[in-house]
Amino acid sequence: MTFIGPDGAPRCDWAGGAPGFVEYHDTEWGFPVDDDVRLFEKFCLEGFQSGLSWRTILDKRENFRAAFAGFDLETVAGYDESDVAGLLQDAGIVRHRGKIEATINNAARALELIETEGSLAAYVWRHEPDPAEVPVPQSLTTSPTAIAMSKDLKKRGWKFVGPTTVFSFMEAMGLINDHTHDCVVRARVDAARDAFVRPS
């Protein structure tokens, strides 16, 4: 199924789910990203989404950015128990102690990963799936590559990075193009991926 947008063009059906979804779908979802802050933010937001809807997280995204210092890695890694206590009182975000503590933990783990890999982007894009592995769009919720990345991140001490969370991250950050074949954005994402210089 597809959603017909305000311009009359078809889009992935979830794009019509709520205000703001069309813009997010048309300008962000699936376009390749090599910025470490944006990649880290997405890992965190996907973790917060666990058990919730993406609408909840997208509606609160600016609040999350304010609460976590724009997802600056060094700042977030330095948060302590008093910061956790403050965040648990912040009605603008998802007030889940485990997810908040995972974000702080993951910031420290990301800094460690950057030391060994050069950048978070280099690590992430090393896990880009082989084209033969890419499923029919929106037919799966995980993949062998997502499972492998999840296992590796967990070995490195990351939290809230299960295979489904990692697969959603891969879809959103452009490691695969999971727009449906009749979606008006699919060709633009393909072109962006073709032009994208993979970090090394």
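A: Let's begin with what a pocket is. On a 1 Å grid over the protein atoms alone, a pocket is an open set of points with protein on both sides within 12 Å along at least five of seven lines, while a cavity is a set of points where a 1.4 Å probe fits but cannot get out; a residue counts as lining if it has an atom within 4 Å of a point. Grid points are joined across faces, edges and corners, and a volume is the space filled by probe spheres set on the points.

The model is predicted, so local features need pLDDT of at least 70 and side-chain atom pairs count only at pLDDT 80 or more, while totals for chains, interfaces and linings use all residues. Residues are numbered from 1 along each chain as its sequence is written, and side-chain values use heavy atoms, with hydrogens and water left out.

Now for the largest pocket, which holds about 460 Å³ of space. Its lining has 21 residues, and the closest to its centre are Trp29, Glu46, Gln49, Ser168 and Glu171. Helices here are DSSP runs (H or I, at least four residues), numbered from the N terminus. Three of them, α1 (21–27), α2 (36–49) and α10 (163–172), each give at least two residues to this lining, and α10 has the largest share, with six. To sort residues by class, Ala, Val, Leu, Ile, Met, Phe, Trp, Tyr, Cys and Pro are nonpolar, Asp, Glu, Lys and Arg are charged, and the others, Gly among them, are polar. The lining of the largest pocket then has nine nonpolar, eight polar and four charged residues.

Look for its lining at Glu128, Pro129, Pro131, Val134, Leu175, Ile176, Asn177, Arg186, Asp190, Arg193, Asp194 and Arg198.

Around it you will find Phe43, Cys44, Gly47, Phe48, Lys99, Ala102, Thr103, Asn106, Lys159 and Phe160. Both α2 and α7 (97–117) supply at least two residues each to the lining of this cavity. By class, the cavity lining divides into five nonpolar, three polar and two charged residues. If you follow α2 in the view, you will meet the largest pocket and also the largest cavity.
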